[in-house]
Amino acid sequence: MMIPPPALATLQWILGPDRLCRDVSLAPFTTFKLGGAADWYADVRTADELAAVTRTAREHHLPFFLLGTGANVIVGDHGYRGLVIHNRARDLRLDQENHRLWAESGAVVYPDLIERAVAAGLSGLEHYVGIPSTVGGALWQNLHFLSPPPERERTMFLEEVVHSADILTEEGERKTVGIEYFDFGYDYSILHDRDDVVLAATFQLSSERSRARMREIMDANLQWRAERHPPLDTEPSVGSIFKKIEGIGAGRLIDECGLKGMRIGGAMITHRHANIFVNVDEAQTADVCALIELARDTVERETGYRLETEIDFIGEFAPPTDAAPTKVLKDPDLVTAAERAKAS
Ligand SMILES: Cc1cc2nc3c(=O)[nH]c(=O)nc-3n(C[C@H](O)[C@H](O)[C@H](O)COP(=O)(O)OP(=O)(O)OC[C@H]3O[C@@H](n4cnc5c(N)ncnc54)[C@H](O)[C@@H]3O)c2cc1C
């Protein structure tokens with residue numbers, strides 16, 4: 001994609017000479033570590049820059065995509081024809097008196113937000129420890145996780161601690177909105193249906209829980225993740241691939257069809273968790289897409305359930321790899337959460 005000279009001049013003026021780049025590979029900026037390059041890449045460092053770059057892109061009708069930690073996106077092998085705006089606006093401000101934490105939308109939930117809140121003795125965010133996400137991505141998704149141990153009796157949602165947010169609306173207005181604006185649901189906020197951009201958010205926290213209890217919850221949740229999820233640094237993934245099916249579980253269906261360990265190219269369905277696919281060896285997005293088709297078709301044929309993906313697909317995709325899948329046996333040293341539960 002060409003950026004017309006007036007738009008280019010404005011973007012360069014906002015970002016300086018080094019933070020607007022051509023042909024940038026997006027793989028390093030996603031947790032799956034795959035996908036092609038963006039024609040243009042803007043590295044934004046403040047909420048004001050984010051608003052100004054977004055406004056410029058809109059005024060000049062440039063296709064753009066807003067990227068956080070890339071933990072919920074799969075980028076096509078042929079890359080993105082447009083401008084990827086990488087949100088690295090990470091300023092935080094604490095209002096100790098009112099128990100509020102304000103964060104720019106590129107701040108990462110863990111460690112940035114959680115460590116700051118816990119150090120100040122403020123509780124509410126610690127449940128989300130270990131989940132890769134910016135504040136903007138977390139509002140987009142309504143980040144969720146199980147309530148504290150030992151009960152773990154319900155799913156907790158980020159909306160429970162969102163007080164308000166500064167947004168740039170799709171109509172171009174910059175304003176502060178309350179929680180009701182987002183229409184939060186399971187894996188849902190209004191951001192799925194409107195092109196608003198979250199610039200910053202304020203969280204309403206509480207001082208009722210001790211720091212020791214917060215640390216206990218964080219340790220337990222990190223351990224829960226380590227026992228069930230592949231570690232991102234050695235087995236990159238995008239978390240769950242398919243949406244939850246109430247009362248049944250997408251992962252359980254995939255497991256029942258015997259698909260754990262299926263591998264196509266460099267992508268594999270991990271033995272740790274059947275709804276998580278991992279990049280085991282320089283996977284192409286086409287390998288992942290072929291695995292998604294394999295899982296969806298097999299589950300539909302054998303159980304009648306049609307799985308739906310829960311991630312954002314961006315850019316241009318090559319056809320799914322047509323190589324036959326192979327089955328990789330489980331490493332005997334790996335103890336899955338299910339095996340651990342059976343043994344205890
Ligand atoms: C190992 C692993 C474990 C996970 N576990 C969980 C879990 O327990 N619970 C859970 O809920 N999720 C989980 N996820 C999913 C993921 O962490 C969340 O979806 C997260 O909120 C994504 O945030 P992000 O910053 O990476 O967003 P991205 O993936 O970068 O973007 C996701 C979407 O949000 C939009 N977006 C990003 N920033 C903004 C903004 N400022 N304004 C408007 N839109 C914006 C993007 O344009 C895109 O459409 C997991 C993912 C992984 C890889």
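The protein is divided into domain 1 (5–87), domain 2 (92–225) and domain 3 (231–334), with bounds that come from an automatic or database domain assignment. This is a predicted model, in which local features need pLDDT of at least 70 and side-chain atom pairs count only at pLDDT 80 or more, while totals for chains, interfaces and linings use all residues. Residues are numbered from 1 along each chain as its sequence is written. Helices (H or I, at least four residues) and strands (E, at least two) are DSSP runs, numbered from the N terminus.

**Ligand surroundings**

- The ligand is surrounded by 33 residues, counted when the C-beta atom, placed from the backbone, lies within 6 Å of it.
- The closest of these residues are Gly68, Ala71, Gly136, Gly137 and Gly239.
- At least two shell residues each come from strand E3 (64–67), helix H4 (135–141), strand E8 (144–146), strand E12 (197–204) and strand E13 (237–240).
- H4 gives the largest share of the shell, five residues.
- The shell has 16 nonpolar, 16 polar and one charged residues; here Ala, Val, Leu, Ile, Met, Phe, Trp, Tyr, Cys and Pro count as nonpolar, Asp, Glu, Lys and Arg as charged, and the others, Gly among them, as polar.

**The open sheet**

- Five strands, in the order E6-E7-E12-E10-E11, form an open sheet with antiparallel pairing (two strands pair if DSSP finds at least two bridges between them).
- Strand E6 (92–95) and strand E11 (174–178) stand at the edges with a single partner strand each, so one side of each has no neighbour in the sheet.
- On average, neighbouring strands of this sheet are turned by 15° against each other, direction ignored; axes are lines fitted to C-alpha atoms, for helices over the stretch in contact, and angles run from 0 to 180 degrees between N-to-C directions.
- Strand E7 (residues 100–104) runs antiparallel to E12 and is joined to E12 by five bridges, and Arg100 stands opposite Gln204 in E12.
- Helix H2 (residues 47–59) packs on the sheet and touches E7, strand E10 (162–168), E11 and E12; contact means C-beta atoms, placed from the backbone, within 7 Å.
- The direction of H2 makes about 150° with that of E12.

**Domain 1 against domain 2**

- The C-alpha centres of domain 1 and domain 2 lie 24 Å apart.
- In this interface, 14 residues of domain 1 are in contact with 17 residues of domain 2.
- H2 supplies the largest share of the domain 1 side, six residues.
- That side of domain 1 divides into five nonpolar, seven polar and two charged residues.

Note on methods: Contact = placed C-beta atoms within 7 Å.
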